[in-house]
Amino acid sequence: MVEEILSLAQPVNERLVIKRNRHVPVGNNYKTEELKRLCVVSGIHGDELEGQYICYELNRRLNEHPELLRGIVDVYPALNPMGIDTMQRGVPFFDLDMNRIFPGNVNGAVEEWIASQLIKEFADADFAIDIHASNLFLREIPQVRVNINSAEDLIEYAQMLDVDFVWVHQASTVLESTLAYSLNSIGVKTLVVEAGVGMRITVDYCERLVNGILNLLKNEGMWLGEVDPVRQPVVSADRAVSFINAETSGVFVPTIRHSSQVIPGEIIGRIVDPFEGKVKQECVSPVIGLLFTLREYPIVNEGSLIARILGEN
Ligand SMILES: [Zn+2]
C-alpha cells in the first residue's frame, strides 16, 4: 500500500511528500511487532536513478506474490523527491547534500527536521538498503560499500545481494553524517549499494540487485519465493585498489569492457586529441585485477579519474 510518511507545505503552493510502499504478509495470523522489517530506500541523491527501476521491479515482484511474504518490506523510491524532479543531486534551493545531514535535528532547519523524521521512520527496522548510483562520469559494477567499523556485522548480508564486489572502506569523519552510518549506529543493519552510472538505468544490474534483495529476504525467512543463484562477490578487505588518472586533457576512448579482468601493461583506453588526430596517452593497468570503475564520460582533464582496479591479493 502506498502511503505518505511525511508531507510538508512549500512556499509555492506545493507540498514536499515522501512516500513508501508497504508490503505485509496476507491474512492476520501474525503480530506485526514480531515480523522482521526491511526498508529499501533510494533517491537520496536526485540524479542517481538506478534505484528507481530497482524499486519498481521489487514492488512489482512483491505485488505479484503477496502470499509468499513473511515479513514487512517498505520501499521508499524517493527520499529527495524535489531533487529527482529537478535532476539535481542535492536538495534544490538549499544546495544541500541530503546524505550529509543525518541524524538530523528536530529543532533544526527544514531539511534537518526531515532527516530526524526519516531516522524515526527507519529506527525499528532490522535491515535497510540504501541504493545509490555513480555519477555521469564513471560506471561502477554492482557493489556494496561498508565502513570498516561495521564490516564485521555487515559483510555476511552484503554477500547475499548478488553484487560483484564488497568494498570495505576506511572510516572517515564525513561519513558519520550519512543515513547508513546513523542507522548502523542505532542497530539497523544498513547496506549501501552503488551501481551503474548517474542519470541512467542499467536494467541488468537492477534486476540482479532485486534478485539479491529477495535472496536476503529469503535467507532471513521473510520470503518464500524462488530466487536465482547469487554470485559470490570479491571482498576488498585486504586488497589494494589502484587508480588510473588522466595525465593530459583530451577525449577518452575505452578499449576494454567494464568489469573485465586486466593484467599489468594492458591498455584500458586512449586519450586522443581530436584536433591533431593523435593519441596523447595510452592508459594502461599497473596491476592484475578487476576493473570495477571505468570512465563513462569522454572529456577528461589532467587528473580526471579513468579507472579503478581491485588488485589480486
Ligand atoms: Zn549517492
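The tour below goes from the domains to the core, then to single residues and strands.

**Before you click**

This is a predicted model: local features are described at pLDDT of at least 70, side-chain atom pairs count only at pLDDT 80 or more, and totals for chains, interfaces and linings use all residues. Residues are numbered from 1 along each chain as its sequence is written.

**Stop 1: the two domains**

Colour residues 2-235 and 241-311 separately; these are domain 1 and domain 2 of the protein chain, with bounds that come from an automatic or database domain assignment. Their C-alpha centres lie 31 Å apart. Eleven residues of domain 1 are in contact with eleven residues of domain 2, where contact means that the C-beta atoms of two residues, placed from the backbone, lie within 7 Å. Which strand gives the most to the domain 1 side? Select residues 138-147: this is strand 6, and it provides five residues. By class, the domain 1 side has seven nonpolar, one polar and three charged residues. Here Ala, Val, Leu, Ile, Met, Phe, Trp, Tyr, Cys and Pro count as nonpolar, Asp, Glu, Lys and Arg as charged, and the others, Gly among them, as polar.

Helices (H or I, at least four residues) and strands (E, at least two) are DSSP runs, numbered from the N terminus.

**Stop 2: helix 1**

Now select residues 50-64. Helix 1 has 15 residues and should span 21 Å at 1.5 Å a residue; its end C-alpha atoms are 22 Å apart, which agrees. The expected span is 1.5 Å times one less than the number of residues.

A residue is buried if 20 or more other C-beta atoms lie within 10 Å of its own, exposed if 12 or fewer, and partly exposed in between, with C-beta atoms placed from the backbone.

**Stop 3: the largest core**

Next, pick Val40, Val144, Leu161, Val193, Leu209 and Ile213, which touch the most other members of the 79-residue largest nonpolar core. Such a core is a set of buried Ala, Val, Leu, Ile, Met, Phe, Trp, Tyr and Cys residues joined through C-beta atoms within 7 Å. Helix 6 supplies its largest share, eight residues. The core also draws at least three residues from each of domain 1 and domain 2.

Centre on leucine 161; the residues it touches include Val144, Val193, Leu209 and Ile213.

**Stop 4: tryptophan 223**

Move to the loop between helix 6 (203-219) and strand 9 (234-235), where tryptophan 223 lies. Is tryptophan 223 buried or exposed? It counts as buried, because it has 24 C-beta neighbours inside 10 Å. Beyond its neighbours within four places in sequence, its contacts are Leu68, Leu69, Arg70, Leu214, Leu217 and Lys218.

**Stop 5**

Show the open sheet of four strands, with the order 14-13-11-16 and antiparallel pairing. Strand 14 (278-284) and strand 16 (299-300) stand at the edges with a single partner strand each, so one side of each has no neighbour in the sheet. Strand 11 (250-254) and strand 13 are joined by four bridges; two strands pair if DSSP finds at least two bridges between them. Phenylalanine 252 has isoleucine 271 of strand 13 as its bridge partner.

In strand 13 (267-273), click glycine 269. This glycine is buried, with 21 other C-beta atoms within 10 Å. The residues in contact with glycine 269 include Phe252, Pro254, Cys283 and Ile306.

**Stop 5: backbone details**

Zoom in on phenylalanine 102 and proline 103: the peptide bond between them is cis, with omega near 10°. Two further residues deserve a click. Methionine 87 has a positive phi, near 60°, and counts as exposed with 11 C-beta neighbours inside 10 Å. Aspartate 162 also has phi near 60°, but is buried with 24 other C-beta atoms within 10 Å. Most residues other than glycine have a negative phi, and most peptide bonds are trans.
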